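Here is a short report on a structure that may be new to you. Please keep the sequence and the 3D view open as you read.

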Amino acid sequence: MDDKVAIVGIEYSQGDDLGLTRERLCFRTVRGVLDKLGIDRHAIDCFILASNDFLEGRTISNVFEDGPVGAYLKDETKVEMDGINAVVYGALRILEGNYDTAMVIAHSLCGHQVSPYLQVQYSLDPTYDRQLGLLNELSGAALQARAYLRSRGLDEGWLDRAAAAALANGAANDMVTRSLDGADESKVASSSYLYEPLREMHCYPPTDGACAIVLASAGRARELTDRPVWIRGFGSSIDSYYFAGRDLTRSASAADAARRAFAMAGISDPASEIGLAEVSDLFAYQAPLLAASMGLADADEAPRRFAEGGFGKDARLALNPSGGALSAHPVCATGAVRVAEAFRQLRGEAGAVQAGEPRLALAHGQDGLCLQQNTVVVLGI
Amino acid sequence: MEGLMGSYFTPAVPMDFGYNYRLGAYLERYLDGLKEKKILGVRCSGCGKVLVPPRMYCGGCRLRLEEWVELGTEGELVEFTVGHVSMSKGRLSQAEPFTIGLVRPDGAALPLLARIRGADPAALRPGMRMRAVWDPDAENEYLVLSHYEPA
């Protein structure tokens, strides 16, 4: 896609306990991006919220956020999925021609407000899986981790090294929930088992967070910033609801989502054209699994290279220099944060986590059990 | 994740309510089968796969499934995990280690997630033969198929 829709501003925060009400968190995040752009809420044509009623503990929870985010008396809609889908929705609303600007606000408070596992647990079939009580986000991920390790000939020590490599990236990012100074795998290996082979530090930490992203049409984007980041392509795909029937050693829906996004972006060889990828790796095995499924890396080589830090800031493909979702997973905002990280990287504004000078970047978000649903956005400058 | 906390700054608001779901004809027939120590699946006339637990449509072929098939009470271990925590209403609590696994009943295309007992987890391998163990006095219909053990 040519220069049609751009991201012009971002603001996000995340941590284990931001100590804010959700209203204050949303207000502060939106205020932050409006101030960066030097505009007020009247410059925004439509608002798209991404949150989860179950995690908020209220039905139609977005109506209580319309005040704090400045959406009152404006067009406001909601995506009850990861916020990266709100970014795609915003781009579509602008492409459709009725709006020149869209504000995406994604958030949740799973650091202290409520368990982050609720969302997946209550997406399971109430008449079967929830009656048996064996399946949940962690036991499902453990079965996928085992299947992945087995398929690639890896042992549990690899999981420790992969988590340590991801968390070491997070140490350079001042906005994460969990990180490690240096790739210290012994700390990972000494954390408690949840479901084997997954230990606590192989799994994402409960996180508070919010992310605001402003999108604009080409003409409006150039008025709002001299460095718009263009949306080149996007794609999403969803696999079977029944996880037991899927090939857990890869993600067919991540592959499909990426294929659609690359086709739209005119990318024929993603492994050589994409310089930076931010993926929502909720568990330690997921970053290389996703990179391989999406055609960014070789399936055999990716796991070892990732655990050795071979996708670091100086690599041809920098994979999750922010620390990824393993360092912070604000449910609903995580994929939007990946978009925000890609925005920072493409503009050379990522500070300590800046990975060279990427020209094309990929952001990824997921929902559901064992990478069921995946959305990919390709961004360029 | 700590439990619900009661303090001035974080008032706990418990939500606990029940739903009475109807199971639908397919799952009702499956549970009736368990009471007779039978594992029932449905065969797709398109791809030929036998799906279990039974459902009305094949997602891949988009066809209605009509042919009921009695599957083997033995099967093959596909994958397993040892749990050290259990989850209830999103909250984790420590548990004595227990094993759960995906077991594909003979004749089925899909595995069932089930408890695995009577085996040292260190000795479990994918491809191992397993057999269903029944508990007619189980507290609910789902647990009549109590667990699998090595055959």
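## Aromatic pairs

Across all chains, a search of the whole structure finds 13 aromatic pairs. Rings of Phe, Tyr and Trp (its six-membered ring) pair if their centres lie within 6.5 Å; planes under 30 degrees apart count as stacked, over 60 as edge-to-face and the rest as tilted. Y117(A) and Y204(A) form a tilted pair, 5.9 Å centre to centre with 50° between the planes. Y117(A) lies in the loop between β4 (101-109) and α5 (118-121) of chain A, and Y204(A) in the loop between β6 (198-199) and β7 (208-217) of chain A, so the pair ties together parts that are 87 residues apart in sequence. Helices here are DSSP runs of H or I with at least four residues, strands are runs of E with at least two, and both are numbered from the N terminus.

Y117(A) is buried, at 5% relative accessible area. Y204(A) is buried too, at 2%. Buried means under 20% relative accessible area, exposed over 50%, and partly exposed in between (1.4 Å probe, protein chains only). One aromatic cluster is formed by Y117(A), Y148(A), W158(A), Y204(A), F283(A) and Y285(A).

## How the model was read

This is a predicted model: local features need pLDDT of at least 70, side-chain atom pairs count only at pLDDT 80 or more, and totals for chains, interfaces and linings use all residues. Residues are numbered from 1 along each chain as its sequence is written, chains are lettered from A and ligands numbered from 1 in the order in which they are written, and side-chain values use heavy atoms, with hydrogens and water left out.

## Two packed helices

Helix α7 (residues 137-152) of chain A packs against helix α8 (residues 156-171) of chain A at an angle of about 105°, with the axes 10 Å apart. That makes α7(A) roughly perpendicular to α8(A). Angles under 35 degrees count as roughly parallel, over 145 as roughly antiparallel, 65 to 115 as roughly perpendicular and the rest as oblique. Axes are lines fitted to C-alpha atoms, for helices over the stretch in contact, and angles run from 0 to 180 degrees between N-to-C directions.

From α7(A), R146(A), Y148(A) and L149(A) make the contact; from α8(A), E156(A), W158(A) and L159(A) do. Contact means heavy atoms within 4.5 Å. By class, the contact of α7(A) with α8(A) has 4 nonpolar, no polar and 2 charged residues. Ala, Val, Leu, Ile, Met, Phe, Trp, Tyr, Cys and Pro count as nonpolar, Asp, Glu, Lys and Arg as charged, and the others, Gly among them, as polar.

## Charges over rings

The charged end of R41(A) sits over the ring of Y72(A), 3.7 Å from its centre. R58(A) places its charged end over the ring of F64(A), 3.7 Å from the ring centre. The test asks for NZ of Lys or CZ of Arg within 6 Å of the ring centre and within 35 degrees of the ring normal.

## Backbone exceptions

Most residues other than glycine have a negative phi, and most peptide bonds are trans. The bond from E196(A) to P197(A) is cis, with omega near 5°. The bond from V52(B) to P53(B) is cis, with omega near -5°.

C370(A) has a positive phi, near 55°. C370(A) counts as buried, at 9% relative accessibility. K37(B) has a positive phi, near 60°. K37(B) is partly exposed, at 45% relative accessible area.
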